[in-house]
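Please prepare a briefing on the structure shown below, covering strand pairing, a helix, backbone angles and side-chain surroundings.

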Amino acid sequence: MNKEKIAARRLSLEEVTKLGVKDRIFVSADTAELKLPDCYVPAFLTASGGDFEGGSITARTVFQEEVSCLPDDENDAGIYLADENGPVTIEVLQSAGVVLDLALFVPGGDKGALTALYAAARQAFGADVVQIWRQGLKEVPDVKVDIFEEQIPRGRKGGDSPKRDRRAIDTYPTRADFIEFSAGWKPVVEVHRPVVDDTPTI
């Protein structure tokens, strides 16, 4: 386990309320799955400190975990700020690397192409460094589509036509799996029809 010792000071609730979402803080590294006593991780508040009520603060760590803190509770791990003259030294958990969650389109997609792709990644980052933990392959049909998001109708039927926004044009339908649609909107996938300009020319 790779940890770094840094000088820091614990913040009171009053001090936390003056922080914004861009201020780097340190919170407990404990999660529901993994207990790491007396260890901290870099984090940022999910909202400006003054927007929280009741003394409970929520922060999101650089590892995408949400942590609730009670800064003024002596039994709580609390929130710390790096300070060269800080009265305490805390141990901060370091990052081991990142997991890439990518959607890659490999034309043809045969086994040789995938092997070449993995080999190139290992060559770039070092042998045995790139580890594939999860691999999901999905064939892509050879048809292009237009992807829209359409507002989910509310109330009586037969009203105005639902509003529609274009999200992607002339793309493969599999991409719809990776688009985050707005709340209250649903995806609409239609076969791509090229726009034909019938404007007469001189």
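Which residues does serine 28 touch, not counting residues up to four places away in sequence? Serine 28 touches Cys39, Tyr40, Val41, Val67 and Ala77, where contact means heavy atoms within 4.5 Å. This is a predicted model, in which local features need pLDDT of at least 70 and side-chain atom pairs count only at pLDDT 80 or more, while totals for chains, interfaces and linings use all residues. Residues are numbered from 1 along each chain as its sequence is written, and side-chain values use heavy atoms, with hydrogens and water left out.

**Serine 28**

- Serine 28 is found in strand β2, residues 25-28; strands (E, at least two residues) and helices (H or I, at least four) are DSSP runs numbered from the N terminus.
- With a relative accessible area of 16%, serine 28 is buried, given that buried means under 20% relative accessible area, exposed over 50%, and partly exposed in between, for a 1.4 Å probe and protein chains only.
- The side chain of serine 28 also reaches the backbone nitrogen of aspartate 30, at 3.2 Å.

- Strand β1 (residues 3-10) pairs with strand β7 (residues 88-93) in the antiparallel sense over six bridges, pairing being assigned if DSSP finds at least two bridges between two strands.
- Within β7, leucine 93 stands opposite lysine 3.
- Strand β3 (residues 39-45) runs parallel to β7 and is joined to it by two bridges, and tyrosine 40 stands opposite valine 92 in β7.

**Tyrosine 40 and tyrosine 80**

- Two aromatic pairs are counted under a rule by which rings of Phe, Tyr and Trp (its six-membered ring) pair if their centres lie within 6.5 Å, with planes under 30 degrees apart counted as stacked, over 60 as edge-to-face and the rest as tilted.
- Tyrosine 40 and tyrosine 80 form an edge-to-face pair, with 5.1 Å from centre to centre and 70° between the planes.
- This pair links distant parts of the chain, since tyrosine 40 lies in strand β3 and tyrosine 80 in strand β6 (residues 80-82), 40 residues apart.
- Both tyrosine 40 and tyrosine 80 are buried.

**The sheet β9-β8-β10**

- Three strands form an open sheet in the order β9-β8-β10, and their pairing is antiparallel.
- The edge strands are β9 (164-171) and β10 (185-191), each of which pairs on one side only.
- Neighbouring strands of this sheet are turned by 20° against each other on average, direction ignored, with axes taken as lines fitted to C-alpha atoms (for helices over the stretch in contact) and angles running from 0 to 180 degrees between N-to-C directions.
- Strand β8 (residues 145-151) is joined to β10 by seven bridges, and valine 188 in β10 is the bridge partner of phenylalanine 148.

**Helix α2**

- Helix α2 (residues 111-125) has 15 residues and reaches 21 Å from its first C-alpha to its last, close to the 21 Å expected at 1.5 Å a residue; the expected span is 1.5 Å times one less than the number of residues.
- Just after α2, glycine 126 takes a positive phi of about 110°.

**Positive phi outside glycine**

- Aspartate 38, placed in the loop between β2 and β3, has a positive phi near 60° although it is a residue other than glycine, and it is exposed, with a relative accessible area of 67%.
- Glutamine 64, found in the loop between β4 (57-61) and β5 (66-69), is a residue other than glycine with a positive phi near 65°, and it is exposed at a relative accessible area of 58%.

Definitions and conventions. Polar contact = N/O pair within 3.5 Å; in protein donor to acceptor, adjacent residues only side chain to side chain.
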